[in-house]
Amino acid sequence: MTDSAPAWLDDVKWDAAGLVPAIAQDHKTGRILMMAWMDREALALTARQHTAVYYSRSRARLWPKGESSGHVQKVHEIRLDCDADVVILSVEQLGGIACHTGRESCFYRVLEGGEWRSVEPVLKDPKDIYG
């Protein structure tokens, strides 16, 4: 990022790796769609562009949500929690799929009887999303 980074980024408590957890929440229903990580550049870009940009730890680079799937998150609001160490994005999930498994939400498993059970349908086969 450039030296002209917004001063509000300094209010965020970044972890030792320079990241902060970011929760994407449906702006109409309040449903939690996913959790990812952001670095300073990702958060600044998200605020500027009004589309979610995360930091992919596995790829060690910025990850604009939807870059390969087309499932972009339009950001309506960004909130910082009381400890300044978690960000919530209020988003419109374009295409209705946030999870790489083809589901609306990454939180599709429920603990029942000591086991995780999938309770959300696959809306689109990931092979059809990612080729």
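Mentor: Start with a definition: a residue is buried under 20% relative accessible area, exposed over 50%, and partly exposed in between (1.4 Å probe, protein chains only). This is a predicted model, where local features need pLDDT of at least 70, side-chain atom pairs count only at pLDDT 80 or more, and totals for chains, interfaces and linings use all residues. Residues are numbered from 1 along each chain as its sequence is written, and side-chain values use heavy atoms, with hydrogens and water left out.

Trainee: Is Arg117 buried, partly exposed or exposed?

Mentor: Take its relative accessible area, which is 43%.

Trainee: Which residue does Arg117 meet in a salt bridge?

Mentor: A salt bridge puts a side-chain nitrogen of Lys or Arg within 4 Å of a carboxyl oxygen of Asp or Glu. Here the N to O distance is 2.5 Å.

Trainee: How many salt bridges are in the whole structure?

Mentor: Some are pairs, including Arg61 with Glu67, where the closest N and O atoms are 2.9 Å apart. Arg31, Glu104 and Glu120 form a network. A search of the whole structure gives the count: 7.

Trainee: In the salt bridge of Glu77 and Arg79, what is the N to O distance?

Mentor: Look at the two side chains. Glu77 is partly exposed, at 38%, while Arg79 is exposed, at 53%. They meet with N to O at 2.8 Å.

Trainee: Which residues of helix H1 are buried?

Mentor: Helices (H or I, at least four residues) and strands (E, at least two) are DSSP runs, numbered from the N terminus. H1 spans 40-49. Its cover includes E2, E3, strand E4 (61-64), strand E5 (73-80) and E6. The buried ones are Ala42, Leu43, Ala44, Leu45 and Thr46.

Trainee: Which residues of the largest nonpolar core touch the most other members?

Mentor: A nonpolar core is a set of buried Ala, Val, Leu, Ile, Met, Phe, Trp, Tyr and Cys residues joined through side-chain atoms within 4.5 Å. The largest has 23 residues. Those that touch the most other members are Met34, Met38, Leu43, Tyr54 and Leu89.

Trainee: Leaving aside neighbours within four places in sequence, which residues are in contact with Val122?

Mentor: Contact means heavy atoms within 4.5 Å. Val122 lies in the loop between strand E8 (115-118) and helix H2 (126-130). Beyond those neighbours, its contacts are Thr101, Gly102 and Arg103.
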